[in-house]
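Work through the exercises below with the sequence and the model side by side. Try each task before reading its solution.

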Amino acid sequence: MINLDFFIFLSSGLFLGWSLGSNDAANIFGTAVTSRMLRFRTAAILCAIFVIIGAVISGAGASHGLGKLGAVNALAGSFTVALSAGLTVYTMTKWGLPVSTTQAVVGGIIGWNLFSDSPTDMASLSQIAGTWVASPILGALFAWFIYLGLNSLINLVKPHLLWLDHWTRLGLVLAGVFGAYSLGANNIGNVMGVFVSSSPLQEIQIGELFSLSGPQRLFLWGVSQSLWGCFFRGRL
Amino acid sequence: MADFNFSPFHTTRILQSEIQEFLDTVSVAVLAYQEGMVAYLKEGWLETSEEKLQQISSYESRGDSLRTHIGLTLYTEMLLPDTAADVLSLLSDLDHLVDRMSGHFTLVGIEKPEFPDDCSVVIIDFISHACGAMDHTVTASRIYFRDPKAVHEQIHKIHYHEQEAEKIGIRLLKSIFNGNYPLERKCHLRDHLLHIDQLANQADETGDALAIYAVKRSV
């Protein structure tokens, strides 16, 4: 039997998940929807499906990474970290600023470590901070090479305008799907990761073939709120 | 079931063939107009001219229906909105060219203007340049769909034909108004020459617009 307290504490994680959905979903399908190449409904459905798949299949990896940063093994600590991160993301989103959920969660964990006089693993922190420097550089390099490659390919093949439009639309869908999967795998893990060590959720069996582990059930809760944020705010 | 808003392959194929057919229709309408006008100048309004008028009229109605269908499909199922607007505007301009040719040739059939015999060769040259401008506009349009950077190679040919048509048109008008014809005949011939000149002008304007569409796609 799961204690009701757990769900009260989990509410801050769900709030962070909601903030994540309303902020980050825009990064995935925003271009395709605002340029009217994809309908909102299509984008939202694809987003929902692949965020869930990403969170359930690969969500654990990111949560392990954050888990090394500091021991947030009390439910109250997880609640505080998620609430502070959720408020940060929500406020930034309100101001129209794109914000990193990971940075907000890392800030929350460090704050909790300072409050509870727990050690912060500096090696993990520098590794995580390193990804913040590397991510935009890698993103820029990927964008540059992909742009050059596609541009050369288009100049070589000279596709008909209609086919170019067709493939562009398909490319936007694939990129969005990939982005949604990554959102589920990376960010949902970050959002719910702080609850993993204090979660009482156990593995459950669905039918004969499938089972969901405790962390996966946790990530599904996070995803549900994230999707609610993305649909409710309607700002993919 | 979700309605995925990217076109299935068959819609793209059908639309591509419809655009191809539309451009073919404009192209053959230009040929029919040129042949019809030359036939009228050489032998008067006989069977050949009547036959060409029927052809041009059928091309006009086919062009109209194709343009309407292409426009609907473009806006409902395909293309970045900005590009769709450019494509539709281009097709609309080309369709307008066919309408003008059809309108003018119908007028020729009704009014039967009496062009002076000594001007026939120059008028044929005049028509040839006007039709050349229109033909290169169609060629440039075909290129736009595949290789926008190569469009400008056709644009200067459109300009050349339009400028030549304008020079010949002015020379013809001077020659007619300096001639010993009644004023009403002079005015009548002037109207028809202006109709032909308008075709070259509109082809030139379409070419200019096309150059901008091509730059937008190349950026």
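A crossing of two helices is left-handed if the near helix is turned anticlockwise from the far one by less than a right angle, and right-handed if clockwise. This is a predicted model: local features need pLDDT of at least 70, side-chain atom pairs count only at pLDDT 80 or more, and totals for chains, interfaces and linings use all residues. Residues are numbered from 1 along each chain as its sequence is written, while chains are lettered from A and ligands numbered from 1 in the order in which they are written.

**Exercise 1. Describe how α4(A) and α6(A) pack.**

Step 1. Find the helices. Helices (H or I, at least four residues) and strands (E, at least two) are DSSP runs, numbered from the N terminus. In chain A, α4 covers residues 101–116 and α6 covers residues 161–196.

Step 2. Take the axes. They are lines fitted to C-alpha atoms, for helices over the stretch in contact, and angles run from 0 to 180 degrees between N-to-C directions. The axes of α4(A) and α6(A) come within 9 Å and cross at roughly 20°.

Step 3. Name the arrangement. Angles under 35 degrees count as roughly parallel, over 145 as roughly antiparallel, 65 to 115 as roughly perpendicular and the rest as oblique. The crossing angle therefore makes α4(A) roughly parallel to α6(A). The crossing of this pair is left-handed.

Step 4. List the contact. Two residues are in contact if their C-beta atoms, placed from the backbone, lie within 7 Å. From α4(A) come A:Thr101, A:Thr102, A:Val105 and A:Ile109; they meet A:Asn187, A:Asn190, A:Val191 and A:Val194 of α6(A).

Step 5. Sort by class. Ala, Val, Leu, Ile, Met, Phe, Trp, Tyr, Cys and Pro count as nonpolar, Asp, Glu, Lys and Arg as charged, and the others, Gly among them, as polar. The contact of α4(A) with α6(A) has four nonpolar, four polar and no charged residues.

**Exercise 2. Do likewise for two helix pairs in chain B.**

Step 1. Start with α5(B), residues 152–178, and α6(B), residues 183–218. Their axes come within 9 Å and cross at roughly 165°. α5(B) and α6(B) are therefore roughly antiparallel. The crossing is left-handed. Its contact residues divide into 12 nonpolar, six polar and six charged.

Step 2. Turn to α1(B), residues 9–43, and α4(B). Their axes come within 10 Å and cross at roughly 175°. So α1(B) is roughly antiparallel to α4(B). Residues of α1(B) in the contact include B:Leu23, B:Val30 and B:Tyr33; among those of α4(B) are B:Ile127, B:Cys131 and B:Phe145. The classes here are 15 nonpolar, five polar and two charged.

**Exercise 3. Outline each chain.**

Step 1. Read the elements. Chain A has seven helices and two strands, in the order α-α-α-α-α-α-β-β-α. Chain B has six helices and zero strands.

Step 2. Check burial. A residue is buried if 20 or more other C-beta atoms lie within 10 Å of its own, exposed if 12 or fewer, and partly exposed in between, with C-beta atoms placed from the backbone. Of the 236 residues of chain A, 42% are buried. In chain B, the share is 40% of 219 residues.

**Exercise 4. Judge the confidence.**

Step 1. pLDDT is the predictor's confidence in each residue, from 0 to 100. The mean is 78 for chain A, with 86% of residues at 70 or more. For chain B the mean is 89, and 94% reach 70 or more.

Step 2. Where pLDDT is low, the predicted coordinates should not be read in detail.

Step 3. Finish with the complex. The predictor gives an ipTM of 0.75 and a pTM of 0.72.
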